[in-house]
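Keep the 3D view open as you read.

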Amino acid sequence: MAKTALVISGGGSKGAFAVGALKYIHENVRPVDQFDVYCGTSTGALIVPLAACGELALLEQQYTTLRQDDLVKLGTIGNLALGTSLHDATPLKNKINELLTDDRFQRLRAAAAPVMLATVCLQTQQLVYWTTQPAPPTAFYDVMQTNNATELRRAMLASSCQPVLMQPVEVIQGAQPVRQYVDGGVREPTPLQAAIDQGAETIIAITLSPRQHPADPAKLTQAVAILERTTDMFGEDVASNDYRLARLYQQGNAYLEAVRTLLLADGVAAATVQAAFAQAANPFGNTAVTTIHEIRPATKLVEGGPGGLTFDPAAMRGMLAKGQAEAKAYFEALPGGAIA
């Protein structure tokens, strides 16, 4: 049976854009709790568990009313010398504990659709997905199943904690050897690969940055501005690689299907064709992706501030409206009105 995945990238307060896009998708494309796979990074890791529970109204309420103090306690440069981070994410931890109730965790565990949250382990430097359902590891990342609501909450927190800015998280407290996890966006801003590996044929991906940041002719004269620009470049490059690889799988599957059709039309026996495509060396043999719907803002969401750490309700309402409008424009422009 064909699977459809929902994938949401990181971006802090810019997650309001994703919630706006989800609002349109829920009303016109597919109910948010009816996907077969959910994958999220950072703010996406906060959104997809609630989306899988069908809590769209709650997401909209949160992403249009939250303020910075609700999520992070700003620190000073002295914190870097004395602790593990510049800021304190304890308010975010408390918010996650409030939103991801035991009942919602049990609903996620009882559902067939896996929820996969991207993190990076500081000790191993490995990309690690925390999931609500069993999933096999791959050569490219590890998979850890959450055993209880506390572990899922801590995985959501870890995926959202930007290293240096916020403290790393031990998802399984007291585990040996010690393992600390941070924002999955360090390695996988838009977690498309996990959706592909879960057998998704169609992916609706919401990424909270434009395809390319526009050129800025202004001379940069301050270190902070240079750092922000460099961070943008880093994030843009990593996000581009996420899509580049996913598109390769998409194109490869389309090509192989065209070859299969041609061989069968030329009279090659179906069993022979099947055996040829079933070869272990076929790099696309265990993938099904043929369609990737890419929803992104047309321009940089500057109202979210550097790192998406500016939480202003009015600005977030504006980003939510942008997300709704972008999703509407995208799906209405599909040939023949085709949707997932």
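Let's begin at arginine 260, which is partly exposed with a relative accessible area of 24%; here buried means under 20% relative accessible area, exposed over 50%, and partly exposed in between, with a 1.4 Å probe and protein chains only. This is a predicted model, in which local features need pLDDT of at least 70 and side-chain atom pairs count only at pLDDT 80 or more, while totals for chains, interfaces and linings use all residues. Residues are numbered from 1 along each chain as its sequence is written, and side-chain values use heavy atoms, with hydrogens and water left out.

What does arginine 260 meet in a salt bridge? Its partner is the side chain of glutamate 257, at 3.4 Å from N to O; a salt bridge is a side-chain nitrogen of Lys or Arg within 4 Å of a carboxyl oxygen of Asp or Glu. Glutamate 257 is itself partly exposed, at 42% relative accessible area. Helices (H or I, at least four residues) and strands (E, at least two) are DSSP runs, numbered from the N terminus.

Helix H6 (residues 102-110) holds another such pair, aspartate 103 and arginine 107, four residues apart, about one turn of the helix. Their side chains form a salt bridge at 3.7 Å, N to O. Aspartate 103 is partly exposed at 49%, and arginine 107 is partly exposed at 36%.

Arginine 211 lies in the loop between strand E7 (200-206) and helix H9 (223-265), and glutamate 294 in strand E8 (residues 291-295), so the pair ties together parts that are 83 residues apart in sequence. Arginine 211 is partly exposed at 49% relative accessibility, whereas glutamate 294 is buried at 9%. Over the whole structure, a search finds twelve salt bridges.

Now for two buried polar side chains. Threonine 64 sits in the loop between helix H3 (56-62) and helix H4 (78-82), and is buried with a relative accessible area of 12%. A polar atom of its side chain lies 2.6 Å from the backbone oxygen of glutamate 60, and the side chain also reaches the backbone oxygen of glutamine 61 at 3.4 Å. Leaving aside neighbours within four places in sequence, threonine 64 is in contact (heavy atoms within 4.5 Å) with Pro313, Met316, Arg317 and Leu320.

Glutamine 193, in helix H8 (residues 192-197), is buried at 10% relative accessibility. With neighbours within four places in sequence again set aside, glutamine 193 is in contact with Tyr141, Glu188, Leu245 and Tyr249.

Finally, turn to a helix pair. Helix H2 (residues 43-52) and helix H7 (residues 149-160) pack at an angle of about 145°, with their axes 7 Å apart; axes are lines fitted to C-alpha atoms, for helices over the stretch in contact, and angles run from 0 to 180 degrees between N-to-C directions. Thr43, Ala45, Leu46 and Pro49 of H2 make the contact with Met156, Ser159 and Ser160 of H7.

Technical notes
Polar contact = N/O pair within 3.5 Å; in protein donor to acceptor, adjacent residues only side chain to side chain.
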